[in-house]
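Have the structure open as you read.

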Amino acid sequence: MRRHLITLMALALPAAIAAVAPSASAHVADHGHHPHPTAACQPVRPSAPAGTHVDSVSAVAHAGGTISFPTAYPAVAPIADAPAWCDVTVTVSHLGANDHVRIKVSLPQYRSRWSGRFQAAGGSAYLAGDLTDPAPALVQAVKAGYAAGATDAGVGQNAVDVSGWALTPRGTVNTALLKNFSTRSLHDLAVVGKDVAKQFYGRSVTYAYWNGCSTGGRQGYAEAQDHPTDFQGILANAPAISWDRFAIATLWSQAVFNEEHVQPSPCELQAFTDAAVKACDTLDGRKDGIIDDPSRCDWDARRLVGTKVVCDGQEITVSRATADAVRRIWEGPTTPSGERLWYGPNKGASLDSIARYGTPFVVAEQWAQYFVTRDPSFDPNDLTYASFYRLFQSSQRQFHDVIGTDDPDLRAFARSGGKLITWHGQADQLVPTQGTVDYRERVDRRLGGDRKVDSFYRLFLLPGVDHCAGGTDPTNALDSLVTWVEQGHAPATLTAAITQPDGATVTRQVRPFAAARH
């Protein structure tokens, strides 16, 4: 099960890879005259933000060609026709933090292959960024003409195990490394990465972009909120914002199972998802096996009570208690008195990842163990409604200001001319889609409504897409962002390729959230 979750979360990285293919709007051109067609692959001494010290710099040249990624999990297809490139790795530290943060910047070695753009690639789960050698997202970005960078934030390269860095030897939270993971290292990446490119090519970056999903989406929002001039364009998909709430909310199912005294199998839970899809599939006038807008789906889980389901050769009769449990999971966590705390998964999203009996979602489990309770033996399987509420409150109280990443005041980003595009799957099984909708609506209220916000920030809710990949696949998100930033043309739609139940693929134009709801 843990390997399955690792696969799902790792999709955040290939999703970024798929978004950087070359296009007509992302042409490569040489804007200067240089005596040598190639830049020397050698260490440079970049500048860094105040409080960040550059400790060392190394450079390694790569020949290009067809690049394979034998250690990637899940598997990543080889990238053909990659140009020769140079990896510049900068190690930095922060006064009093006792940290060592690596920033890798990959640069096309031929000057003519650089478009003048810089792209920062985001991470997944507890991975701040992929620095493997070679790193798929960075190689693909280089192929598309970008100088590209990522950071490990000083927390290593394990997306699902924080035991090596979360706590100090005294058993307290390592606040310096958590700060790196949350925000500080993202700004370091922007400043150092752009300056490495400037020194490498002898001219400044023309446009800088952020590209990430899940944790990478949260990172993009952190940059828009905290450092609004770092990037002109931010593609931040399925963002794990409101982390202090989201990370505990995804443990809600374990409390529900305990309180409702049920132990449903994954097969039984899937029966509820299938029934919801069947009931609400055609609300949009199409029969395609997808709930287009789950907010319109009022199918009640209790309608399945008494239905017989065959799981692993055994016939199960759906009980009222199991139906009530599924209904509560869909509704999302509440206080003991019934007030909403956060959102549950949409109907149509698989329940297997965050609602598997006895197997808590690993990101949430690690957050509760190492940060909120600082007790690695803490067992979310023992949660009740009352203890869940205390855990939720504790996470908010301790960490909202550290990693909440949900400040709706984006005025500085808007004034800087920045553009933000987010897509979030309506069938996301890890990060509840409605959390992103909640944030967008708060931005609307803070800044004066849809029209003003749509002038710089557009949210697209994609029918049938799960966490960062699958279902309905956006095919032009980064292209749309580049066109918006560089040509001033805001995307009226994102093109989505939909795989139907019969295997046929059709395209759909998905309108922004603000336009679609009017």
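Cys213 is buried, at a relative accessible area of 1%. Keep in mind that we're looking at a predicted model here. Its partner is Cys468, and the two form a disulfide with the sulfur atoms 2.0 Å apart. Look at the torsion and you'll find -100° about the S-S bond, which makes the link of Cys213 and Cys468 left-handed.

Where do Cys213 and Cys468 lie? Cys213 is in strand 8 (residues 207–213), while Cys468 belongs to the loop between strand 13 (457–462) and strand 14 (472–474), so this pair ties together parts 255 residues apart in sequence. Cys468 is buried too, with a relative accessible area of 2%, well under the 20% cut-off for that label.

Next up is the disulfide of Cys267 and Cys311, with 2.1 Å between the sulfur atoms. The torsion about this S-S bond is about -80°, so the disulfide is left-handed. It links distant parts of the chain: Cys267 sits in helix 8 (residues 266–280) and Cys311 in strand 10 (residues 308–311), 44 residues apart. Is Cys267 buried or partly exposed? At 29% relative accessibility, Cys267 counts as partly exposed, because the buried class stops under 20%. Cys311, on the other hand, is buried at 5%.

Cys297 lies in the loop between helix 8 and strand 10, so the pair ties together parts 17 residues apart in sequence. Both ends are tucked away: Cys280 counts as buried at 4% relative accessibility, and Cys297 is buried with a relative accessible area of 6%.

## The pairing pattern

How many disulfides does the chain have by the distance rule? The count comes to four. Number the bonded cysteines in sequence order and the pairing reads 1-2, 3-8, 4-7, 5-6.

## Helix 10 against helix 11

Now turn to a helix pair. Helix 10 (residues 362–372) and helix 11 (residues 385–403) pack at an angle of about 80°, and their axes are 11 Å apart. That angle makes helix 10 roughly perpendicular to helix 11, because the perpendicular class runs from 65 to 115 degrees.

Which residues make the contact? From helix 10 come Trp367, Ala368, Phe371 and Val372, and from helix 11 come Leu391, Ser394, Ser395, Gln398, Phe399 and Ile403. By class, the contact of helix 10 with helix 11 has seven nonpolar residues, three polar ones and no charged residues.

## The chain as a whole

Zooming out, the chain has 16 helices and 16 strands. Its C-alpha trace spans about 80 × 55 × 50 Å along the principal axes. For 518 residues, a compact globule would have a radius of gyration near 24 Å, and the 23 Å of this chain agrees with that.

Of the 518 residues, 59% count as buried. As for contacts between residues at least 6 apart in sequence, 73% join residues at least 24 apart.

How values were computed: Residues are numbered from 1 along each chain as its sequence is written. This is a predicted model: local features need pLDDT of at least 70, side-chain atom pairs count only at pLDDT 80 or more; totals for chains, interfaces and linings use all residues. Side-chain values use heavy atoms; hydrogens and water are left out. Axes are lines fitted to C-alpha atoms, for helices over the stretch in contact, and angles run from 0 to 180 degrees between N-to-C directions. Helices (H or I, at least four residues) and strands (E, at least two) are DSSP runs, numbered from the N terminus. Angles under 35 degrees count as roughly parallel, over 145 as roughly antiparallel, 65 to 115 as roughly perpendicular and the rest as oblique. Contact means heavy atoms within 4.5 Å. Ala, Val, Leu, Ile, Met, Phe, Trp, Tyr, Cys and Pro count as nonpolar, Asp, Glu, Lys and Arg as charged, and the others, Gly among them, as polar. A disulfide is a pair of cysteine sulfur atoms within 2.5 Å. Buried means under 20% relative accessible area, exposed over 50%, partly exposed in between (1.4 Å probe, protein chains only). The radius of gyration is taken over C-alpha atoms; the globule rule is 2.2 Å times the number of residues to the power 0.38.
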